[in-house]
2 protein chains.
Amino acid sequence: MKKIGIIGGIGWPSTMEYYRLICEASQKHHQNKTFSGPSPMPEIAIESLNMHFTVNNRGTSELGSWCTWDSYFQLACRRLEQSGAELILLASVTPHARLEVISEGINVPVISVYEAIGLHCKTRGIDNLLVLGTMPTMTSQAFKNGVAKFGVNTIYPPTEELKTRVTEVIERLYQNQIEVSSVAIDSIVRASLPSDQLDTTVTCLACTELPTGFRDASDKSEFEYKGIQYINSSVLHAISAFDACIS
Amino acid sequence: MKKIGIIGGIGWPSTMEYYRLICEASQKHHQNKTFSGPSPMPEIAIESLNMHFTVNNRGTSELGSWCTWDSYFQLACRRLEQSGAELILLASVTPHARLEVISEGINVPVISVYEAIGLHCKTRGIDNLLVLGTMPTMTSQAFKNGVAKFGVNTIYPPTEELKTRVTEVIERLYQNQIEVSSVAIDSIVRASLPSDQLDTTVTCLACTELPTGFRDASDKSEFEYKGIQYINSSVLHAISAFDACIS
């Protein structure tokens, strides 16, 4: 198995989730094979960053304003490569908006969450994706472009008020307040889509916190709730990294 | 804050536990301070090893037989140091038996679980410690020596049968079978100690799985169950690493 490198800490609960999903994928992959001792695991290097620093060093639309932020992530990728990682992933959707810059000069594959989502949609015949995530994700051109390569059309909640409601649910889930989150998300989805598009659009929970609002959804790449189909970006991303690790 | 390096994967659930404990300690440390954005976090590098490899490359009493195992850990320590870790810890009690060899040539402090336990016992006036852990831990001279420096006398379950019962509880907990574990551990403690020593001996749960057998004990460095006092080695070890990180 190839060694996996993870950029983590953005935030730390999400890092735990990715690490768990990869380790459990390895256990599952080996479950009917014969070997002595514990189940084989890929080696994994994690560089857990300080999210306080990253949030306070976010750039603007001004040229050069992302320089500090970019090099903080670039150096972490380089450290992972130096420690022998043969593929790298960011355990968070939000910083993917700058993935091209972050992975500049890195000589191993950097597995993109956009590609993991896009490939899943293509395989499952999903054409329209309502994306719920952090505010940078829900205003990201990079996400749209990333999945468009797979023929997927991205929709974001259409108003500021609906986007803010998504971020409020994420905030509550981050503090482990799980009650009524699934109901709140269901109501945001219905307010974001015309009723004739509810059947033809899948909702992408593009933030590690969001699936924790649904009972038993944190291990599923896709699930249904009140007639609406959801996909879990963390599961898709972690599994695509594990697949690359054993390929 | 200093950058923390963790040798993990031995096994992976224990690594998650250490990472969570350190991140939560940082949140707690910063909770009444003023800053913008998310709570500051130490940077953390994790080298998660393949436990299948380590278990199958354990040495014996024969000279040179630990060579492969030792260098696997030594190289991981070196990678952590190279990625900027300013202190290192092993997220597992068992491999501490070879900590001196593992940390040879490493120029940053390697925080020992024995020292974390010993220091806690000295501070709390604990003289006698019944140690429950994996079979290598419960037969380890290194553990005895490590805490003896702090004036602590180590007791292991006195018979093979009692030691085996401890490892069976760990095995069940590893598979998330939590029922009756606390009762099973209580019965092992009472069978291991003469009744007049139950009051003067504290039981050390020296394996990350064991505290998960007690309700709400996984975040406590010390707790009481049915009149017996317990200490949780993972909490003591993770907290001592965080203390070193902010010192």
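The radius of gyration is taken over C-alpha atoms, and the globule rule is 2.2 Å times the number of residues to the power 0.38. This is a predicted model: local features need pLDDT of at least 70, side-chain atom pairs count only at pLDDT 80 or more, and totals for chains, interfaces and linings use all residues. Residues are numbered from 1 along each chain as written, and chains are lettered from A in the order written.

**Exercise 1.** Compare the radius of gyration of chain A with that of a compact globule.

*Solution.* Chain A has 247 residues, so a compact globule would have a radius near 18 Å. Chain A has 18 Å, which agrees. Along the principal axes, its C-alpha atoms fill a box of roughly 50 × 50 × 35 Å.

**Exercise 2.** What percentage of chain A counts as buried?

*Solution.* Apply the cut-off: 20 or more other C-beta atoms, placed from the backbone, within 10 Å of the residue's own. Of the 247 residues, 47% pass.

**Exercise 3.** Describe how helix 7 and helix 8 of chain A pack.

*Solution.* Helix 7 spans residues 160-174 and helix 8 spans residues 181-192 of chain A. Their axes (lines fitted to C-alpha atoms over the stretch in contact) lie 10 Å apart. The angle, on a scale from 0 to 180 degrees between N-to-C directions, is about 165 degrees. That makes the two helices of chain A roughly antiparallel (over 145 degrees). Residues in contact have C-beta atoms, placed from the backbone, within 7 Å. Among them are A:Leu162 and A:Val166 of helix 7, and A:Ile185 and A:Ile188 of helix 8.

Terms used. Helices (H or I, at least four residues) and strands (E, at least two) are DSSP runs, numbered from the N terminus. Angles under 35 degrees count as roughly parallel, over 145 as roughly antiparallel, 65 to 115 as roughly perpendicular and the rest as oblique. Two residues are in contact if their C-beta atoms, placed from the backbone, lie within 7 Å. A residue is buried if 20 or more other C-beta atoms lie within 10 Å of its own, exposed if 12 or fewer, and partly exposed in between; C-beta atoms are placed from the backbone.
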